[in-house]
Each structure stands twice: as structure tokens, then as C-alpha cells.
Amino acid sequence: MLELDSVWRPLPPPGVLVPLRTAPRLFTATATVMGQHVTTFDLHHYEFLGPCSYLLTKDFIDGDFEVVGVYESESGDVRLESVLIRAPGTDVTLHVNGMVDVTYAAAQVESADGRAELKTNDLEVICSREFQGCSITVTSKYFGRLGGMLGNFNYEPSDDQQGPDGTRVFSVGGLARLWAVSTQACYQANQATQVLALDGATGVDECQRLFLGANSSPFVTCFSSVDPRPYFWHCVNDRNRPLQRQGASKRSCDAAESYRVMCATEGRPLPALDACLGRGAGEYQGENQVSPPDSPTCSTPDGQVPVGWSQSFWGAKNGSLDVGLVVELASCNEGKDFGQMLQEVAKSFRKAGYEDVRFALLTYTSSELGSASAFSTEGRAASQLEGVPMEDSKDAHGGSAAVMQAARTMQWRPGVGRVLLQASCQLCDDGKSVAEALRENDVELHILSRLTVTLEGPETAESKTLAWRIFGYDKDLVYTSSDYRTFQGDAGQRELLEEHGESCLDTVQDAGGAVFNSNRWIPKKAGLTRKFLSVLSQRLATDVPEPRCHQCRCLADEDQARLSCRRCGEEPEINPVMEKIIKDFRAEFHTDESPLA
């Protein structure tokens with residue numbers, strides 16, 4: 001055991017998740033992870049849930065300690081399950097249910113009544129079943145020495161969203177990707193609920209009473225010390241999260257307890273809400289809120305969810321990616337080794353940093369449109385094409401319907417980048433409809449089809465030779481065999497390129513995709529095939545679209561259920577509910593500043 005000095009008091013009674021301090025002492029900073037709300041040491045606030053393990057904080061100067069947050073997912077519900085604390089002579093896991101796993105500990109560790117705590121001279125970590133979260137407090141010794149999801153502790157909240165190399169990140173999903181420490185590739189998307197419009201949201205009045213009401217809030221004595229406005233939004237977001245567990249309805253408690261912790265650090269202890277006392281006692285007994293046994297459910301990356309379930313997933317460029325392959329079963333694709341192509345594509349994505357890439361397949365002919373397969377490995381997608389006859393004699397007129405069906409019905413994972421590659425005999429012939437399907441479902445399309453490629457200028461042998469060397473192109477560059485070893489594209493040839501095709505060419509390029517000439521994929525020429533597929537796959541792995549917000553719902557369809565994920569709408573203009581909150585706040589606090597700032 002490390003000898004403790006007087007800066008820490010004994011373990012407080014159950015139901016108090018605050019570091020109780022004595023004076024005089026060095027200044028400290030506290031960060032909290034409660035529900036989906038994260039407050040950094042410098043009081044930067046954001047919403048995050050993601051079923052992986054993330055480095056919350058670490059001393060990057062002397063390596064005194066590191067704290068890792070372990071998130072779990074069950075039936076579509078993601079939550080912080082535990083924190084792992086490693087330090088010289090210490091390897092301890094504090095669970096949010098109050099249990100403790102001790103491998104070895106040169107620190108004071110206690111567990112009682114659903115509350116777990118670890119303390120050294122300069123670090124205190126507390127987790128509580130009552131509040132379903134954890135707080136981490138450090139002394140001034142670590143000022144400017146920390147890094148991780150909880151910021152760098154330098155009294156400047158604006159620079160807390162940085163990666164290990166100091167790179168600024170402008171999305172929470174991107175921040176989580178940089179600090180992920182899971183030993184295996186895992187599904188990374190920010191699954192925190194984020195309410196963009198208060199009109200129609202649940203619990204707005206209650207949250208306003210708690211955090212914006214000068215005459216109604218039990219926390220008003222702390223308003224001058226800790227800004228309550230971020231906690232108002234935290235409260236609203238949590239009140240609108242889909243409920244998947246019994247006893248999880250008191251969502252205001254996460255915001256209330258997070259605010260109480262921060263107020264306690266400022267010497268402003270606040271009363272606990274009566275409605276929050278005793279919360280969480282039954283949530284760790286395996287009691288889940290589920291549909292009746294005979295009710296259909298939807299499959300999500302986090303398990304089965306009941307009809308009526310709804311969740312927003314906030315994505316950012318990360319290690320997960322879904323790739324859909326749309327193949328016309330026609331003679332133009334005969335003899336082509338799609339297994340080889342998928343291997344090259346998977347290899348290029350891995351080089352680009354995508355460790356969790358999944359593939360799905362949809363095939364079609366001139367008379368029949370197939371159904372999309374489930375997402376799996378590239379090997380499984382390739383095996384589904386083995387032995388399939390490519391002998392349909394009629395071209396499917398570009399397969400616009402196939403592209404639209406793939407974009408709309410493939411079981412894309414929420415909050416993950418989405419790429420489609422169509423291998424067709426003709427270019428799609430309905431660019432407007434295809435563009436709408438791609439936009440609604442946040443999908444980037446690339447096309448591999450028979451093209452006529454010419455360059456501007458006299459019809460000389462040299463220009464024909466240059467045109468024949470072109471594998472594909474996008475809005476800015478042309479790609480040739482020269483890109484096999486050094487992939488860079490050619491802007492000069494792109495300016496000379498004459499396009500021959502339907503409006504779908506513009507649709508693909510305007511959406512960030514590329515068009516490749518399948519006439520240059522000649523199976524009998526192994527060397528040329530290797531170069532072509534390498535350049536194609538490298539282009540697919542370049543400028544992968546950043547996933548946006550995806551709104552997913554589990555919908556009933558007769559006696560079955562289906563998961564529908566669409567792109568979230570844009571943030572609306574301020575509405576009457578917001579205007580009323582602003583008016584009330586200004587009147588009660590005699591200020592012109594908006595509570596929504």
C-alpha cells in the first residue's frame with residue numbers, strides 16, 4: 001500500500017460520488033463519465049457512447065498511471081461497464097456496478113454498497129452503481145502532463161479534442177478512434193443520442209427546471225460556480241435515449257449527478273434528487289427490457305432490438321467500413337476473378353487504416369434483381385460469386401435499379417463509411433434517381449463498366465495510346481498503369497478527357513466516386529490485370545467518405561421487422577420551444593446570454 005497523505009478523506013457514505021477534500025491542499029481537477037456525458041478535466045463537455053475500450057487519461061511524462069474506459073453493448077444499449085487502472089504495482093478494474101477486480105494493487109482500493117474506489121496520493125477514481133458512471137480526480141502534479149479522451153489538463157477546454165500526436169479532431173467519433181485501445185478491431189461509431197431540436201423532445205420542461213430555473217432548481221446555489229447549460233443539454237439528450245433496460249427511465253439522474261460532482265469540486269455540495277436514490281440496483285442483474293417472446297426484432301451491430309427502437313449514430317472516419325458489391329451477371333464480366341479483386345480492395349483498405357471492413361453482394365440480370373447478402377468477409381462475398389454463370393445475353397441497361405436497391409436495402413452498419421462498387425456492362429441510365437438514393441443513405445458509388453475513352457486533340461497514334469492506358473478517372477484525376485507503383489493520378493490528362501456516357505457519370509463523380517473502364521481488365525493478361533486491380537483498389541481506399549449522422553429505426557413489416565437507417569436531417573432553425581427557454585433564462589438571470597450557447 002502507498003502511504004496516503006491528508007488530501008483524501010475516508011470513503012464517504014453510499015450515494016455520494018464526489019471527492020471530499022480537506023484544506024489546505026494543492027488544486028485538483030475532476031473529470032466524469034456518466035451515461036453518455038463526458039466532462040474533461042478542463043470542463044469540456046461532449047456526448048459519447050461506443051462499444052470499445054478507450055484511453056480515458058494517462059500520465060505521458062513519467063507514466064505514473066493510465067485509466068482505460070471499457071464500454072459494453074447489449075441489445076442495442078451501450079454503456080460504460082468499467083475502468084481499468086494501471087500504475088506501477090497496480091492493475092485494478094473498477095466496475096460501474098461497484099465490484100472490483102484486483103490483479104495486484106499498491107494503492108488503496110475499497111468496495112462497498114455498489115461503490116468502488118481507488119486512491120493514491122495524487123489520483124482518485126470512483127465508480128458507482130447508483131450513478132452508473134465514474135469520476136477521476138488528479139492533483140496539480142499532473143497539470144499539462146495528461147492525454148486521452150478526458151483532455152490534457154491545462155485549463156484550456158478548447159484544445160481537449162486532440163489525438164496522441166497532438167492532431168486536432170473536430171468530431172467525437174474521430175477523437176474516440178484515435179484513443180481506441182481495444183486489442184481487436186471493433187465497431188466504432190458514436191452512438192450517443194444528440195437532440196438537435198427541442199420541439200417534440202421528451203423531458204425538456206424537467207431539464208429546464210433542473211438546470212435553467214433560478215426559482216425552481218435545487219441546484220441554483222451552484223449556478224454561479226459551474227455553468228449549468230451543458231448539463232441542460234446532457235439532460236435532454238439522455239431523456240430522449242431509447243430505453244433498452246428496465247429501471248433506466250430516470251435519465252435526468254445522469255445529468256444531475258454529473259453536475260453534483262463538479263459542484264462538489266468547487267465547494268458547492270448539492271442535495272441528491274430523491275428520484276435518483278436507489279437507482280441502478282436491478283440493472284446489473286441481467287434484467288433487460290425486451291419485446292414479448294413472439295415479437296419480431298431487428299438485428300443491429302450491438303444485438304437484437306425490439307420494434308419501435310430508435311437510435312442516432314454519429315460517425316467519423318474510423319477503422320470500420322462497409323463495402324457493397326453490385327455485379328451484373330452478364331457476359332461482359334465472364335472470366336473476371338472477383339475474388340482477386342476483393343482481396344486487392346481489402347488489402348488497400350487495411351493499408352489505409354481500416355481494420356474492420358465488411359463486404360456484401362447483390363447480383364442482377366436483365367430480367368431479375370437479386371437480394372443483398374449480409375455483410376461479412378471478402379472471402380465469403382467472393383465465394384458467393386464462384387461458379388455463378390455470367391452468360392446473360394442482354395445488358396441490364398446500366399442497372400440503376402440494382403444500385404438504388406443496394407443503397408437502400410443493404411444492412412449497412414450505422415455510423416460507418418459506406419461504399420458501393422458496381423460492375424456492369426453499361427453505365428447506369430437514371431442519374432437523378434441514383435443520386436437521390438445515394439444521398440439519402442449516405443453511400444459513395446464507384447462504377448466499373450465498359451467505357452469509350454478519348455482525349456481531346458488530333459486523332460494521332462500518341463493520343464490513342466494515352467487514352468488506351470487510362471484505367472479510370474474521377475472529377476479531378478485520371479488513373480493509368482503508371483499509378484500501379486506510385487499512386488498519384490494525372491490532372492493534366494483529366495483536363496483533356498472527353499466523357500462519353502449518361503448522366504450517371506456526373507452522379508458518380510459529383511458524389512466523390514470514380515469510374516473505371518472494365519475493358520482494361522483483361523483476365524488473359526495476368527500482369528495487366530494485377531496492375532488494373534491494384535490501381536482500382538487504391539482509388540477506392542482514397543478519400544473514403546466520412547460517415548455522417550445515421551438515424552436508425554426498427555420497423556414492423558407485417559410479421560417481420562426490418563432495420564431502416566437513413567441520413568439524419570440538417571439541424572433546423574431555432575424553434576418556438578427554444579425561444580421560450582431563452583426568454584425565460586434571460587428573465588430569471590437578467591442576462592442577454594443565451595442558455596443554448
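**Entry 1: helix pairs**

I started with α7 and α8, where Ser400, Val403, Met404, Ala407 and Arg408 in α7 meet Ser433, Val434, Ala437, Leu438, Glu440 and Asn441 in α8. A reminder to myself before going on: this is a predicted model. I then looked up the axes of helix α7 (residues 400–409) and helix α8 (residues 431–441), which come within 9 Å and cross at roughly 10°. Angles under 35 degrees count as roughly parallel, and α7 and α8 are therefore roughly parallel to each other.

Next I took helix α5 (residues 338–351) and helix α12 (residues 526–540). Their axes come within 8 Å and cross at roughly 45°. Which hand does the crossing of α5 and α12 have? I noted it as right-handed. On the α5 side I listed Gln340, Met341, Glu344, Val345, Ser348 and Phe349; these meet Thr529, Leu533, Ser534, Leu536, Ser537, Gln538 and Leu540 in α12.

**Entry 2: aromatic rings**

How many aromatic pairs does the structure hold? I found 24. I picked out phenylalanine 65 and tyrosine 142, an edge-to-face pair with 4.9 Å centre to centre and 85° between the planes. This pair links distant parts of the chain, 77 residues apart: phenylalanine 65 is in the loop between β4 (53–59) and β5 (66–74), and tyrosine 142 is in the loop between β12 (133–139) and β13 (146–147). Are these two residues buried or exposed? Both phenylalanine 65 and tyrosine 142 are buried.

For another geometry I turned to tyrosine 479 and phenylalanine 487. Their ring centres are 5.3 Å apart and their planes are at 5°, so I wrote this pair down as stacked. Tyrosine 479 is buried, with a relative accessible area of 3%, while phenylalanine 487 counts as partly exposed at 23%. The line between those two classes is drawn at 20%.

I also checked which cluster they belong to: Tyr479 and Phe487 form one aromatic cluster with Phe338, Phe471, Phe516, Trp521 and Phe532.

**Entry 3: charges over rings**

One member of that cluster, Trp521, came up again here. The charged end of lysine 336 sits over the ring of tryptophan 521, 5.7 Å from its centre. I logged a second case with arginine 520, whose charged end sits over the ring of tryptophan 468 at 4.1 Å from the ring centre.

**Entry 4: helix α1**

How many of the residues of helix α1 (residues 172–179) are buried? I got 6 of its 8, and so noted α1 as mostly covered. The buried ones are Val172, Gly173, Gly174, Leu175, Ala176 and Trp179. I then asked what covers them, and the answer includes β3 (45–47), β4 and β13.

**Entry 5: threonine 221**

Last stop: threonine 221, in the loop between α2 (204–211) and α3 (229–239). With a relative accessible area of 47%, threonine 221 is partly exposed. Which residues does threonine 221 touch, not counting those up to four places away in sequence? I found Arg268 and Leu270. Threonine 221 and leucine 270 are 49 residues apart along the chain, and their C-alpha atoms are separated by 8.1 Å.

Note on methods. Residues are numbered from 1 along each chain as its sequence is written. This is a predicted model: local features need pLDDT of at least 70, side-chain atom pairs count only at pLDDT 80 or more; totals for chains, interfaces and linings use all residues. Side-chain values use heavy atoms; hydrogens and water are left out. Helices (H or I, at least four residues) and strands (E, at least two) are DSSP runs, numbered from the N terminus. Buried means under 20% relative accessible area, exposed over 50%, partly exposed in between (1.4 Å probe, protein chains only). Contact means heavy atoms within 4.5 Å. Rings of Phe, Tyr and Trp (its six-membered ring) pair if their centres lie within 6.5 Å; planes under 30 degrees apart count as stacked, over 60 as edge-to-face and the rest as tilted. A charge sits over a ring if NZ of Lys or CZ of Arg is within 6 Å of the ring centre and within 35 degrees of the ring normal. Axes are lines fitted to C-alpha atoms, for helices over the stretch in contact, and angles run from 0 to 180 degrees between N-to-C directions. A crossing is left-handed if the near helix is turned anticlockwise from the far one by less than a right angle, and right-handed if clockwise. Angles under 35 degrees count as roughly parallel, over 145 as roughly antiparallel, 65 to 115 as roughly perpendicular and the rest as oblique.
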